[in-house]
Amino acid sequence: MTYIYVMIARNNTTTFKRILATLVFLLTAASVHAIEWSGECVRVADGDTITVMYHELPLKIRLYGIDAPERGQDFGRRSRQRMADLVLHETVRVQFMGFDHYNRVIGLVSVGDRIVNQAMVEYGMAWVFKKYCKDPYLSDWLALEDEARENSVGLWSHDAPVPPWEHRQEKRKSRRTVPAQFDVNDEIIQPPVKQ
């Protein structure tokens with residue numbers, strides 16, 4: 001309890017609301033009735049991450065089974081805009097699928113009877129994220145991805161679009177610093193000692 005108090009004291013109101021929303025969700029997710037809920041989508045971060053209201057608190061949702069281009073990456077803006085066209089200020093239904101390593105809720109998101117995750121693949125605005133998703137119905141999504149690729153839809157209009165996971169890996173590599181290399185035969189020069 002002290003840890004939560006310290007976190008609240010150090011963080012701003014927005015962060016506090018996110019923490020509180022996650023805590024409320026975690027506490028209620030144990031019940032069968034909390035596995036799916038509806039709420040207004042109030043923010044679109046990118047083509048695979050949105051914020052949905054949950055009991056009057058914003059909860060960040062990572063869309064299950066897809067990976068969309070990152071900000072600054074080709075089709076990043078278009079993917080985000082397509083997501084916004086589908087869900088922003090709409091009442092969406094979120095089916096809880098788990099948590100990612102950033103403690104975001106992973107969800108299957110629907111507007112009416114349309115599964116948004118699937119729509120993003122169909123519109124050529126996201127890849128099927130095979131690494132984390134093994135569900136049988138994803139074979140339908142893979143067929144939609146192949147169809148979008150064959151018809152040069154969305155990001156597939158580029159000759160060789162870079163998958164977001166490769167883009168993130170390259171960004172991480174470029175941030176790493178290379179440690180200085182010394183040869184054992186190098187002479188170490190020290191400043192003269194004042195007496």
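Modeller: Trp37 is found in strand E1. Please bear in mind that the model discussed here is a predicted one.

Colleague: Why is Trp37 called buried?

Modeller: The relative accessible area of Trp37 is 9%. The term buried requires a value under 20%, and therefore Trp37 is buried.

Colleague: What makes the approach of Trp37 to Met53 a polar contact?

Modeller: A polar atom in the side chain of Trp37 lies 3.4 Å from the backbone oxygen of Met53. The cut-off for such a pair is within 3.5 Å.

Colleague: Which residues does Ile61 touch?

Modeller: Trp37 is one of them, and the others are Asp48, Thr49, Ile50, Val52, Val94, Val105, Gly107 and Val109, leaving aside residues up to four places away in sequence. To touch, in this sense, is to have heavy atoms within 4.5 Å. Ile61 also belongs to the largest nonpolar core, which has 39 residues; Ile50, Ile61 and Val87 have the most contacts inside that core. In soluble globular proteins, nonpolar side chains tend to be buried together.

Colleague: Why does Asn103 count as exposed?

Modeller: Asn103 has a relative accessibility of 56%. Exposed means over 50%, so Asn103 counts as exposed. Asn103 is located in the loop between strand E5 (91–99) and strand E6 (105–111).

Colleague: Why is Ser152 called partly exposed?

Modeller: Ser152 has a relative accessible area of 42%. Ser152 lies in the loop between H5 and H6.

Colleague: What is the phi of Asn103, and what is that of Ser152?

Modeller: Phi of Asn103 is near 65°, and Ser152 has a phi of about 55°. Both values are positive, although neither residue is a glycine. Most residues other than glycine have a negative phi.

Colleague: What lines the largest pocket?

Modeller: The lining consists of 33 residues, and Arg62, Tyr102, Arg104, Phe129 and Arg168 lie nearest the centre of the pocket. Helix H6 gives the largest share of this lining, four residues. By class, 14 lining residues are nonpolar, three are polar and 16 are charged. The space in this pocket is about 900 Å³.

Colleague: How many helices and strands does the protein have?

Modeller: The protein has six helices and eight strands. Of its 195 residues, 37% count as buried.

Definitions and conventions. Residues are numbered from 1 along each chain as its sequence is written. This is a predicted model: local features need pLDDT of at least 70, side-chain atom pairs count only at pLDDT 80 or more; totals for chains, interfaces and linings use all residues. Side-chain values use heavy atoms; hydrogens and water are left out. On a 1 Å grid over the protein atoms alone, a cavity is a set of points where a 1.4 Å probe fits but cannot get out, and a pocket is an open set with protein on both sides within 12 Å along at least five of seven lines; lining residues have an atom within 4 Å of a point. Grid points are joined across faces, edges and corners, and a volume is the space filled by probe spheres set on the points. Helices (H or I, at least four residues) and strands (E, at least two) are DSSP runs, numbered from the N terminus. Ala, Val, Leu, Ile, Met, Phe, Trp, Tyr, Cys and Pro count as nonpolar, Asp, Glu, Lys and Arg as charged, and the others, Gly among them, as polar. A nonpolar core is a set of buried Ala, Val, Leu, Ile, Met, Phe, Trp, Tyr and Cys residues joined through side-chain atoms within 4.5 Å. Buried means under 20% relative accessible area, exposed over 50%, partly exposed in between (1.4 Å probe, protein chains only). A polar contact is a pair of N or O atoms within 3.5 Å; within protein, one must be able to donate a hydrogen and the other to accept it, and residues adjacent in sequence count only if both atoms are side-chain atoms.
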